[in-house]
Amino acid sequence: MPLLRRMKRIAPYVVLLLGTAWLYTVANNIRFISIPDQIGPDVWPKIVLTLLMVACVFAMIRKLFLKEDAGTDGHHQILAPGEAVDGDDAPSLHGEDHPSIVLAVLVATVIYLLVLEKGGFFLCTLFYTSVLMWCGGVRRLWLIGCLSLGITLFFTYTFMKIVFVALPTGIEPFSQVSLGVMRLLGIH
Amino acid sequence: METLRLLSAGFAQILQWQDLLALVIGLVIGMAVSIMPGLGLVMGVVLALPFTYSMGLEPSIILLTAIYMSGTYAGCFTTILYRIPGEPMDVPLLWDGWGMTRRGEAAKALGWALVAALTGGIVSSLVMVGMAGPLSKLALSFGAPEYFAAVFFGLTTVVALADNSLPDALISLFIGLLVSTVGVDGTYGADRFTFGSSTLMNGVPYVMVLVGAYGFGEILAKIGQGVKIDAQPKAGVATKFPTFKEMWDIRATFTRSTVLGTLLGVIPGAGATISSFVSYAIEKQYGKRGNKIGTGIPEGIVAPQIASTASVAGHIVPLLTLGLPGSGATAVILAAFLLHGVQPGPFLLSNPASTLVVYTILASMFVSVIGMCLLGFLWIRVVIRVLTIPQGILATIIVMFALVGAFADRNSLSDVWIVVIFGAIAWVMGRLKLPVSPMVLGAILGPLAEDSFTRTMITFHNDWTMFFKQPISAVFMVLALLSLAFPLIKRAFGGLNLGRPKQPELDHNRPGVLEH
């Protein structure tokens, strides 16, 4: 197997190993009042970290020196995209790979959480759910609009009125929108 | 006799409208989430948790248990009718269930699945209810070494039976155990891995890790794969029961699978998925028609279905009597108990009020099994329609439930951040082909493992051999070491055949494989 390909295979384990080693040094600096003949709060984390490092090294050795075996390395798929078994034309899952969409969803989620307390739950969720549905493949704008509004109102009512959760109302002037919606839904 | 009396009282209690309503709602939710590929019964239980905050303890636990129970059964519908496993535990059903459908015997296949679920659920519930009292008494003799050994056994069994690369599964497990150490240590009050953050001082709640990995993470994976289900509801979907003679002919399969499912369910960490796969493998290896498994015979449906439904009682009873969560779903049920200020364990059966609660929950298992079979038989055509909801809309609803549910626990955005972070971690792990479920189990059982380990070391003056000197603890430790050696033994002797070659196999890197 080419060297570059081997190095790529072990790269995640190298990163994990380095991170674990660093955490071990952090564990060494855990401050506590030690009691003679009694293990401290650093022992268990150090045991876990040591075992993690050993597992990483073992995995790296396996990846470097053993032949790749699709049957043992977890490279299974529930169903391959559009696969038909033995001429079968049964409905199945069709899938591609779009990591960029996932990153977009993650970015949208981070932004949502960052502005939530300022913009209030109602307004932020209205936009966030629209973005999610768009990323999920829904393309009809009127449907996205209606569903976003419906989902937001449902969650506002359910969690504030039934489950009694104080969802963020936001700061001025956004809080006026939140309070107006709450009045409409009969939430006091 | 005392058990019968208490169970009767439990049955009477379950007829209260709040409990009955919670049970029915739970059955419907469990069916809906398990039919949708990628959603899963753990996600159903997790998403229902916030709604239990304003409910009483009894209806809360009954609701979550009903979701758990019906979630082990309803996934067989899409597996048999559309060749799409609703849950990872339904993958073994795929080969024979779809095989029967292709021969025009879909109704019969559904009938076999229903009978199997009913048998597994009722028999294992009977056995485990009978064991509740003795288990509770045994639990009183459980000390720190025994708890640590039981958890250790559970974690090693999950890793060993998972059929992943063992180092990858162990890495995932240790990451989970490490996550559980973040925060203020319970014994010394020392800050560990908090990096000065007041948020991290409260630790990483395992429920948020669950929601992140199985909820948000799973949705990210589905969105990233653009998964679409092209299945249209089939007209004339029905269930046809097998005859008594047909069931009698495969009585050995029924017996074997029920025993396996119940026993495996008791092991902490070995969920319905493992029970299903192991039962299927055993049937293939030792069944009378083992060589025909995978070609469309009832045994291929009955064995995994019985085992997965039987494992539910196997998990619930140790949770109630020992306080030990055996799976992701029971970990969430444990969280529901704690939210209501109740610690499950042997002391739950020591006073009359909580004893009635326990036996009502146990009685609800029986009613759930019968209810889910009835619902499945009568409403299958309606339930199947869940598949027609566009994935983009469903994903949005699930994400909102996950995020708002996380916020609802402590009214804290930091919990929501934890969900998002672990969702991203689960997605990255999936892309790196690292299994996620051991990490989640490590996060759930880590605190119990550490606490019992530390207490043992303190009590017995750092004598680690105590784990092997105490009889019960020694048994668990030996079993754990044997289970770690199991993959090596399996490779050396060509072991159990867990799947047909060239057939779709389980994606172990998707969340939800090991945890049910």
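Two residues are in contact if their C-beta atoms, placed from the backbone, lie within 7 Å. The model is a predicted one.

**Entry 1. Chain B as a whole**

I looked up how far contacts reach along chain B. Of its contacts with a separation of 6 or more, 80% are between residues 24 or more positions apart. I then listed the secondary structure of chain B, which comes to 21 helices and three strands. Chain B has 516 residues, and 65% of them are buried.

**Entry 2. Helix α3 of chain B**

How many residues of helix α3 of chain B are buried? I found eight of the eight, so this helix, residues 41–48, is largely enclosed by the rest of the structure. I wrote down the buried residues of α3(B): B:Leu41, B:Val42, B:Met43, B:Gly44, B:Val45, B:Val46, B:Leu47 and B:Ala48. Next I looked up what they pack against. The partners are α2 (17–35), α4 (57–82), α10 (206–225), α15 (328–339) and α17 (391–410) of chain B.

**Entry 3. Where chain A meets chain B**

Two packed helices are described by the angle between their axes and the distance between the axes. I looked up both for helix α2 (residues 43–65) of chain A and helix α8 (residues 166–179) of chain B. Their axes come within 9 Å and cross at roughly 155 degrees. Angles over 145 degrees count as roughly antiparallel, and α2(A) and α8(B) are therefore roughly antiparallel to each other. The crossing of α2(A) past α8(B) is left-handed.

I then listed the residues that make this contact. On α2(A) they are A:Pro45, A:Val48, A:Leu49, A:Leu51, A:Leu52, A:Ala55, A:Cys56, A:Phe58, A:Ala59 and A:Arg62. On α8(B) they are B:Pro167, B:Asp168, B:Leu170, B:Ile171, B:Phe174, B:Ile175, B:Leu177 and B:Leu178. I sorted the contact of α2(A) with α8(B) by class: 16 residues are nonpolar, none is polar and two are charged.

**Entry 4. Domains of chain A, and one serine**

Chain A is divided into domain 1 (3–65) and domain 2 (99–184). I looked up the distance between the C-alpha centres of these two domains of chain A, and they lie 40 Å apart.

A:Ser130 lies in helix α4 (residues 121–135) of chain A. Is A:Ser130 buried or exposed? A residue is buried if 20 or more other C-beta atoms lie within 10 Å of its own. A:Ser130 has 21 other C-beta atoms within 10 Å, so A:Ser130 is buried. Not counting residues up to four places away in sequence, A:Ser130 touches A:Ile144 and A:Ser148. I also looked up A:Trp44, 86 residues from A:Ser130 along the chain: their C-alpha atoms are separated by 45 Å.

**Entry 5. Backbone exceptions**

Most residues other than glycine have a negative phi, and most peptide bonds are trans. I looked for exceptions.

- A cis peptide bond joins A:Glu172 and A:Pro173, with omega about -5 degrees. I placed A:Pro173 in the loop between α5 (141–162) and α6 (174–184) of chain A.
- B:Lys433 has a positive phi, near 65 degrees. I found B:Lys433 in the loop between α18 (413–431) and α19 (437–459) of chain B. B:Lys433 has 17 C-beta neighbours inside 10 Å, so B:Lys433 counts as partly exposed.
- B:Asn462 has a positive phi, near 65 degrees. I found B:Asn462 in the loop between α19 and α20 (466–469) of chain B. B:Asn462 counts as partly exposed because it has 13 C-beta neighbours inside 10 Å.

Definitions and conventions. Residues are numbered from 1 along each chain as its sequence is written. Chains are lettered from A and ligands numbered from 1 in the order in which they are written. This is a predicted model: local features need pLDDT of at least 70, side-chain atom pairs count only at pLDDT 80 or more; totals for chains, interfaces and linings use all residues. Axes are lines fitted to C-alpha atoms, for helices over the stretch in contact, and angles run from 0 to 180 degrees between N-to-C directions. Helices (H or I, at least four residues) and strands (E, at least two) are DSSP runs, numbered from the N terminus. Angles under 35 degrees count as roughly parallel, over 145 as roughly antiparallel, 65 to 115 as roughly perpendicular and the rest as oblique. A crossing is left-handed if the near helix is turned anticlockwise from the far one by less than a right angle, and right-handed if clockwise. Ala, Val, Leu, Ile, Met, Phe, Trp, Tyr, Cys and Pro count as nonpolar, Asp, Glu, Lys and Arg as charged, and the others, Gly among them, as polar. A residue is buried if 20 or more other C-beta atoms lie within 10 Å of its own, exposed if 12 or fewer, and partly exposed in between; C-beta atoms are placed from the backbone. Domain bounds come from an automatic or database domain assignment.
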